[in-house]
Each structure stands twice: as C-alpha cells, then as structure tokens.
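Here is a brief report on how one chain packs. Please view the sequence and the structure first.

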Amino acid sequence: MTLPPATIAPFEGRSVCLFCGASEGNDPAFVRAAAAVGQATAEQGWRLVYGGGGVGLMGAAARAAHGAGGRVLGIMPAFLRSRERLFDDVETVVVTSMHERKQLMYDQSDAFIVAPGGVGTLEEVVELLSWKRLDLHHKPVVFLNLDGFWNGFFDLIRHSVSQGMTPSAFLDAWTVAETVEDAIQQAGVAAEAAIYDPR
Ligand code: AMP
C-alpha cells in the first residue's frame with residue numbers, strides 16, 4: 001500500500017511521546033496515570049505524540065490531553081486503524097508500517113515517557129534505547145515505573161552489564177519516575193549527554 005506523504009501541522013513547543021499499552025491492564029491506577037500524563041502534557045503546553053489509538057492506556061492519555069485542550073499527534077499504521085480504534089478527534093497521521101510509525105514518533109518528539117505496556121511498548125522503547133546507545137539521539141527517556149512495573153526490565157539490562165555485554169554507561173540512557181509528576185518533570189529536561197561506548 002502507498003499512502004501520500006504525511007503533512008503534520010507545525011508545532012513550536014515541546015513534544016513528548018508516550019509509549020504505553022494498547023490494553024488497560026489489571027490495575028486501574030495505570031489508566032488513571034495515563035490520563036494524568038495526557039492532562040499534564042496539555043497543562044505544560046506540550047504536544048502529546050502517541051500511537052494514535054483510542055484503546056487502552058494510549059486512548060486514555062490522548063482523550064485526557066485533548067479534553068484538557070492540549071495538542072495531540074497520533075501516528076497509526078493503516079492496518080491497525082480499526083483494531084486500535086483510531087482516535088481521530090485529534091491530529092492523526094496514517095502511515096504504512098510499524099517502522100514508519102516509530103520513525104515519525106521519534107522524529108516528532110523531544111522526550112519520551114514509557115508507561116506500563118506490553119510487548120509493543122517494550123519493542124518501541126528498546127529500539128529507542130538502542131539508538132541512544134549509539135548516540136543517534138540524546139533525548140530524555142523516562143520510565144514511569146508504577147508499582148515497580150519496569151523493574152524486571154531494569155534487572156535484565158543490569159544483568160547484561162554485569163556479564164560484560166552492555167557498557168555500564170548505558171544505565172544512564174534512561175531515568176525512572178515513580179509518579180506522573182516526576183515523569184513530567186524529567187521529560188522537561190534538555191537533551192542528555194552522549195553515552196556511546198563501543199565496548
Ligand atoms: P502493547 O504495549 O503491546 O499494548 O502495544 C502498544 C503499542 O505499541 C500498540 O499501539 C502497538 O500497535 C504498538 N506496537 C507494537 N509493536 C510495534 C512495532 N514494532 N512498532 C511500532 N509500534 C508497535
């Protein structure tokens with residue numbers, strides 16, 4: 001399938017991308033937090049960049065940001081439009097592939113918040129972190145670690161460091177926030193230092 005090139009309305013302010021589940025999860029605190037992230041981005045005058053869906057934590061965040069008067073940019077591959085229930089009350093770009101979706105999300109954003117999510121969220125953030133590992137970008141990546149949700153992931157990376165597979169500098173590639181307030185504060189910082197270490 002070929003789609004026309006995306007036209008995205010210019011936005012001069014800060015854009016923060018949210019990676020999070022297309023499911024709501026079992027803990028209602030996750031939906032509340034996703035909505036709080038959306039609302040906070042609007043209150044900061046930031047644009048929320050996300051996967052474009054109306055379902056799960058993604059949908060909760062986008063509706064809250066939009067409801068609070070914020071700018072939202074959703075980026076959705078055409079084949080997922082109905083499955084992830086495209087939320088087209090906001091600016092939406094429909095792309096052809098997952099790769100294109102991720103590339104646009106990365107390009108359009110100044111910082112990233114990673115809320116609880118499934119394998120899709122994990123895939124997105126691992127690619128983003130692997131690019132940071134190579135100094136392809138220095139944008140803040142903040143894990144919203146609600147109730148220790150991401151601890152298993154941090155342990156896995158620490159294991160890789162302890163086994164000499166990943167340089168310890170990589171542990172500086174992200175920050176961890178326990179609350180939405182802290183996540184917003186950390187997502188507001190300027191670009192971070194280079195971390196590339198070829199070991
Ligand atoms: P999940 O965390 O599995 O609920 O997925 C969260 C979001 O990530 C959903 O919108 C998925 O469509 C999206 N996703 C899953 N895999 C990829 C991928 N390879 N590239 C881009 N987005 C993805």
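## Helices α1 and α2

The axes of α1 and α2 come within 7 Å and cross at roughly 35°. The model is predicted. The crossing of α1 past α2 is right-handed.

On the α1 side, the contact uses Phe30, Val31, Ala34, Ala35, Gly38, Gln39, Thr41 and Ala42. On the α2 side, it uses Leu57, Ala60, Ala61, Ala64 and Ala65. By class, this contact has 10 nonpolar and 3 polar residues, and no charged ones.

## Helices α3 and α4

Two packed helices are described by the angle between their axes and the distance between the axes. For α3 (residues 98–107) and α4 (residues 119–133), the angle is about 60° and the axes are 11 Å apart. That angle makes α3 oblique to α4. Here too a handedness is assigned: α3 passes α4 in a right-handed crossing.

Arg101, Lys102, Gln103, Met105 and Tyr106 of α3 make the contact with Glu123, Glu124, Glu127, Leu128 and Trp131 of α4. Sorted by class, the contact of α3 with α4 has 4 nonpolar, 1 polar and 5 charged residues.

## The nonpolar cores

In soluble globular proteins, nonpolar side chains tend to be buried together. In this model, the largest nonpolar core has 31 residues. Leu18, Val72, Ile113, Leu144 and Ala187 touch the most other members. At least two residues of this core come from each of β1 (15–19), α1 (28–44), β2 (47–50), α2 (56–67), β5 (111–114), β6 (141–144) and α6 (180–187). The largest share, 6 residues, comes from α2.

## Around Val72

Which residues does Val72 touch, not counting those up to four places away in sequence? They are Arg47, Leu48, Tyr50, Ala62, Ala65, His66, Val90 and Glu91. Of these, Ala65 also takes part in the contact of α2 with α1.

## Arg85 in its loop

Arg85 is found in the loop between β3 (71–77) and β4 (91–95). Is Arg85 buried or exposed? Its relative accessibility is 58%, so Arg85 counts as exposed; the cut-off for exposed is over 50%.

Arg85 still has contacts beyond its sequence neighbours. Not counting residues up to four places away in sequence, Arg85 touches Gly52, Gly53, Gly54, Val55 and Leu80. Arg85 and Gly53 are 32 residues apart in sequence, yet their C-alpha atoms are 5.4 Å apart in space.

Technical notes:
Residues numbered from 1 in each chain as written. Predicted model: local features only at pLDDT ≥ 70, side-chain atom pairs only at ≥ 80, totals over all residues. Heavy atoms only, no water. Core = buried A, V, L, I, M, F, W, Y, C linked by side-chain atoms within 4.5 Å. Buried < 20%, exposed > 50% of the residue type's maximum accessible area, 1.4 Å probe, protein only. Helix = DSSP H or I, 4+ residues; strand = E, 2+ residues; numbered from the N terminus. Contact = heavy atoms within 4.5 Å. Axes fitted to C-alpha atoms, helices over the stretch in contact; angles between N-to-C directions. Parallel < 35°, antiparallel > 145°, perpendicular 65-115°, else oblique. Left-handed = near helix turned anticlockwise from the far one by under 90°. Nonpolar A, V, L, I, M, F, W, Y, C, P; charged D, E, K, R; others polar.
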